[in-house]
Amino acid sequence: MGKVIVVGIGPGRYEEMTIRAAEALKTCDTIVGYTVYVDLVREHFSDKEFLTTPMTKEVDRCELAFAEAAKGKTVAMICSGDAGVYGMSGLILEIGEQYPEIPVELISGVTAAIGGASVLGAPLIHDFAVISLSDLLTPWEKIEKRLLAAAEADFVICLYNPSSKKRHDYLERACSLILRSRPGSTVCGIVKNIGRDGEEQTVLTLEQLKTTSVDMFTTVFIGNSQTKVVGGRMVTPRGYRL
Ligand code: SAH
């Protein structure tokens, strides 16, 4: 009997992957994933069998992984970042109930928030909230509630899925909600293509962020009331006396 290993491959580049994740990909028979992620790892594991499914076919992708494992293969299901952060590990465990004889192993990866934080400086050194602006699987009213509550409670806020073709004004909407309890001068950061070619970072104010357009390969950081710019980098102080 085979098994399914859910592997978070980190933000993108091979070097950003954990050793455990790389070992799992080295020893598996088959790598299953969304086309874009499979293309990120393909050259490093070129002797493997690769199976891909498009973006919206997550259930099919999980079923494919179990079907291949049932043939006796060790199947690595890959996700960018960590598979347990807006990734596939929950769905794999749910669908796995129909395959009780196939073991499932989960390997964590560096999620975009963590990868992006070290590009910007040290924005997440204190309590932070991670919120996805995608309303594909979450009603927008709930997203609004979470944005308002996190802003009110002075969390550093990290936004995933800040934009897409259909949702081009969502970041502006999110900033308007946060501006109800945070000043326009709040220090923010954006990082595009974390750990990939074309990595780009910008430190800016919340007021500026509101009118900035970003794409879906970007993670956004909104500082708390203490966050400042130190030598051009975004830093949330932990509170040590200097
Ligand atoms: N499982 C992934 C998140 C998937 S949700 C993880 O743990 O990182 C997809 C969102 O994650 C993107 O819209 C973007 O906001 C963020 N993201 C993922 N990889 C990224 C990267 N390399 N650079 C910038 N943002 C990234």
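A salt bridge is taken here as a side-chain nitrogen of Lys or Arg within 4 Å of a carboxyl oxygen of Asp or Glu. The model is predicted, so local features need pLDDT of at least 70 and side-chain atom pairs count only at pLDDT 80 or more, while totals for chains, interfaces and linings use all residues. Residues are numbered from 1 along each chain as its sequence is written, and side-chain values use heavy atoms, with hydrogens and water left out.

Across the whole structure, a search finds 12 salt bridges. One of them joins Lys26 to Glu23, with 3.2 Å between the closest N and O atoms. Both residues sit in helix α1 (residues 19–27), three residues apart, or about one turn of the helix; helices are DSSP runs of H or I with at least four residues, strands are runs of E with at least two, and numbering starts at the N terminus. Lys26 is partly exposed at 45% relative accessible area (buried is under 20%, exposed over 50%, partly exposed in between; 1.4 Å probe, protein chains only). Glu23 is also partly exposed, at 37%.

A further salt bridge links Asp47 and Lys48 at 4.0 Å, N to O. Here Asp47 is exposed at 64%, whereas Lys48 is buried at 12%. Glu49, Glu68, Lys71 and Lys73 are connected in a network of salt bridges.

Attention now turns to Ile194, found in the loop between β9 (187–192) and β10 (200–205). Ile194 is buried, with a relative accessible area of 8%. Its contacts (heavy atoms within 4.5 Å), not counting residues up to four places away in sequence, include Pro11, Ala112 and Thr219. Gly12 lies 182 residues from Ile194 in sequence, yet their C-alpha atoms are 7.4 Å apart.
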